[in-house]
Amino acid sequence: MIVRILMIDDHPGMIEGYKAMLSLNKVQHNIEAISAFNCEEAYNLIINPANSSAFDLVFLDYSIPEFPEQKIYNGEDLGVLIRKHLPNTKIIILTAHFDAIRLYNVVKKIQPNGLLVKSDYKPPHLLDAFEKVLAGETYYTPIVLEKLKEPLFTKGFLDSLDREILVLLAEGFQIKTIATKMIVSEDTIKKRKSKIKDLLGIGKGSDEDILRECRALGLL
Amino acid sequence: MSYLILKRKSLFLTFYIKNKTVTKHILKKNIITFIISAILLLSCNKKDNEKNSVNEKSLDQTFVDLKLKKYDTLTRKELKNLAYKFDYNNKKYLQIFEYIYEQSDKIDDTFGKTEANTNLGIYYFNKFQNDSAYYFLSRAEKLSKNQKGLPFIGSILESKADLLWCQKNFTEAESTAIKALRIAIKKKNNELILSCYITIANSLVGLNKYNKALGYYQKAKEKVDYVNLTVNKLAYKASIYNYIALIYQKQNEHKKSLIYSEIGLSLDNFKKNDIVMYSYLTNTISYSKFKLGDKSSLNQFKETLKIGDSIKSIPILITSKTYLGEYYLSQKDTLTANTYLKNAQKLAHKNNIFEDELKILKLLQLANPKRTNLFSNRYIQLNDSLQDVERATRDKFARIEFETDEITNQKEIVSKENNLLNKRIWIISVFGLLSLLVIVLWFMNKSQKAKTRELLLKQEQQKANEAIYQLMIDQQQQMEEGKNIEKQRISLELHDGVMGKLSAVRLNLYAALYKENLIENEVFTKQIDEIQEVEKEIRTIAHDLNSNLFSDNANFIGIVKELFTKIENHSQIYFTIQVSEAVNWDLINNSIKINLYRILQEALQNIEKYANAKNVFLTMSLIENNKINIVISDDGIGFDINKKSIGIGINNMKARIVELNGKFNIQSELNQGTEINLTIPF
């Protein structure tokens, strides 16, 4: 059987690595891979209606060059887009990030079929994930499973908006930019921020304090 | 022929003292006049004095007491009243007014001075010391003229007129008496008016203006009735009649003379009450009768001669003898006439009654036709010498007047100079004070300005300090930011780049090895795992780099640490910094922080340059909740703090601490290191 895979990663070497690894699959699938090295390429492939059922699987990296014209900044945004335009395509996210918020957000928003932290898995695990996902199962690496247990998220203290704000803050954006990116008002961001501070128990701290606290907690 | 002048100086005195009961007759004696009643009145006064002698001791005591009192106008009045209680020719009277003059001069009481001078003049006038009298009266006049209301001026002028009359200066005597009269009339002082009338009339007689003189005598005669005289008003009046009679006699109107003198005599029983007045009037009457051809005059003349002899009245004796001589001359009995006349001449000459002597000499010429030359020569001689004396006296008076003027002028000049001096002193002191005030104000203003400027400077300095601190913080932040950006870049590079590539390498390698069936070979798999470990390590590093982005060195302690690090980097000194977390640096004024920073910098420089230390300890802690305590100690070679030449560095530190109201303490011993202890309130 031929498995058509869209491989999105800014490192060509990585894509080569995926291909090389997948060629070793035990069920002898034939791999047909198409590469996209940034958000724009990926976007064009995804939204193309001709491709609506062109891929069985997407290998999606988190940090890739953005495509701000269509407000696509990372793998997460692409994931949402894929779910919308390619509903039958399975998604395996491969990321170097291992912070709880991103992982949690990704899981919440995209519910990827596979989620692997790059430095966290050994090459055979990639094959395991590939096979399991194709078989309709999910495959998350252990660190992901651990991070997803974070009570702040599971108990709903920090909702998706809060988490997104935190992510954007961590990336160094100002309130104004964050508001623009999230398409909400600045006041909303401010309210959210003070809520987050209360939650983290840092009262009147600055943005830096929020991020420091989040990092200390492993959220970021 | 003698004049009888009955002058009542007490008229003036009653003007001052109303309660004075004993009016004093003042009798004038002078070269050509003799006042006969003097003897009588003197004897009367003697009786008075005896009565008063008991009183006198207590009066003396009063004077002593008053002298002890503080001299003012009240004391002056008391003294004056006391003086009037003494007899007019008592020495105490003189002493009291001399004292009044002296004290009034001291307190510059011009009225008192005038009063004293007037009374002194009158005193000397009564004592027949005309020069002194004239001196004091002139002085009184000058003083009076400088005052409002011209006090005593009437009395002064009247007395002066009397004096001038005595000196036979009739013209001036008349004009002065007229001046006094005007004042007396203005002041409605009847006693003074009367006195003036008589003086004027007497002067006019002297000027041979008999008709005018008669007019004034008439006025005087009428005035007597309106004057309050307690003693012998009739004798006074009679004397005026006698004056009139004498004038008519001079004009050879002997009938009129007889009428007036007889009226005078009829006024009272003078033979009993006033023998002197009786003698005068009798002489006048008899002379008129004799001139009218009545021979009964001889007995009258002889009677008065007897009376004169018995009461030892030289003027009466001279008059009677002269009249007798003239009588016998008319009877051609030149021998008897010569006897009387020579006798009278001797008497007159002896008693300096020269006017009478002149008249006698004239009669002697008639009595001795053969020896006319002798008597006429003597007459001329006497007349000339008399005129010389008069002239000399007038000159003397003029001199006295001039000297008084001069003394007054000198006094005025001195007082003017004093005034000028006083004014100058005033002006100088006022100017001095003003300039002092101006200088003081100027200095105050200047110091105020200086203070304000100092304050402004301090404010500016504080601002500058804060600006410096802000700059330092900014710089620190910029540096931190730069570092952070770089860290972030490295973190991202490691995370996304290096790590991703390593992952890719690892996957590719695994695949390649797998294809070559080498994957079972542990040598390879181990290396692949090793690569994964590297990845994880990089991941951690990247994360940590990112986490420490805001470790926040951009605060005071950061700056301080930076300071230490800089030195640490290029020296062999090891620093230990302990900062108490209790210190909330955000609450501390930036100005304090910058000063503290400079102090630390200074201290560190000293340590680096001189201390030769290996370890330096810095502790900063909170004490008493509002003070920071900073201790900088080293284990260097130390120094002798007793050495005078403490470096600029330490002085700078001290100055800064003083600026911050803090305490500075430095301890050091040779080879024992140095410890600087600072306490700064905030």
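Which residues touch the most other members of the largest nonpolar core? The legends below start with that view.

**Figure 1. The largest nonpolar core and helix 11 of chain B.** In this predicted model, local features need pLDDT of at least 70, side-chain atom pairs count only at pLDDT 80 or more, and totals for chains, interfaces and linings use all residues. Residues are numbered from 1 along each chain as its sequence is written, while chains are lettered from A and ligands numbered from 1 in the order in which they are written. The residues that touch the most other members of the 99-residue core are B:Phe97, B:Cys196, B:Tyr197, B:Ala201, B:Tyr217 and B:Ile244. Here a nonpolar core is a set of buried Ala, Val, Leu, Ile, Met, Phe, Trp, Tyr and Cys residues joined through C-beta atoms within 7 Å. A residue is buried if 20 or more other C-beta atoms lie within 10 Å of its own, exposed if 12 or fewer, and partly exposed in between, with C-beta atoms placed from the backbone. Helix 11 (residues 233-250) of chain B supplies the largest share of this core, 11 residues. Helices (H or I, at least four residues) and strands (E, at least two) are DSSP runs, numbered from the N terminus. Of the 18 residues of helix 11 of chain B, 15 are buried, so this helix is largely enclosed by the rest of the structure. From first C-alpha to last, helix 11 of chain B reaches 26 Å, close to the 26 Å expected at 1.5 Å a residue; the expected span is 1.5 Å times one less than the number of residues. After the helix comes B:Asn252, with a positive phi near 60 degrees.

**Figure 2. The surroundings of B:Tyr197.** Leaving aside neighbours within four places in sequence, B:Tyr197 is in contact with B:Tyr216, B:Lys219, B:Ala220 and B:Lys223. Two residues are in contact if their C-beta atoms, placed from the backbone, lie within 7 Å.

**Figure 3. The open sheet of chain A.** Six strands of chain A line up in the order 2-1-3-4-5-6 with parallel pairing; two strands pair if DSSP finds at least two bridges between them. Strand 2 (30-36) and strand 6 (139-140) of chain A stand at the edges with a single partner strand each, so one side of each is left without a neighbour in the sheet. Zooming in, strand 4 (residues 90-95) and strand 5 (residues 114-117) of chain A pair in the parallel sense over 4 bridges. A:Thr95 has A:Val117 in strand 5 of chain A as its bridge partner.

**Figure 4. A:Phe67 in its loop.** A:Phe67 is found between strand 3 (57-61) and helix 3 (75-85) of chain A. Is this residue buried or partly exposed? A:Phe67 has 19 C-beta neighbours inside 10 Å, so it counts as partly exposed. Not counting residues up to four places away in sequence, A:Phe67 touches A:Asn38, A:Cys39, A:Glu40, A:Tyr43 and A:Ile72. A:Tyr43 is 24 residues away along the chain, and the two C-alpha atoms are separated by 8.3 Å.

**Figure 5. The mixed sheet of chain B.** Five strands of chain B form an open sheet in the order 3-4-5-7-6. Strand 3 (574-579) and strand 6 (663-668) of chain B stand at its edges, each with a single partner strand, so one side of each lacks a neighbour in the sheet. Strand 3 and strand 4 (residues 615-623) of chain B run parallel, joined by 6 bridges, and B:Tyr574 stands opposite B:Asn615. Strand 4 and strand 5 (residues 627-634) of chain B run antiparallel over 8 bridges, with B:Leu622 opposite B:Ile628. These two strands form a hairpin with 3 residues between them, and B:Glu624 in the turn has a positive phi of about 50 degrees. Strand 5 and strand 7 of chain B are also antiparallel, joined by 8 bridges, and here B:Val631 stands opposite B:Asn677.

**Figure 6. Where chain B touches chain A.** The contact takes 22 residues from chain B and 20 residues from chain A. On the chain B side, helix 19 (372-515) and helix 20 (522-547) are the elements that give two or more residues. Helix 19 of chain B gives the most, with 15 residues.
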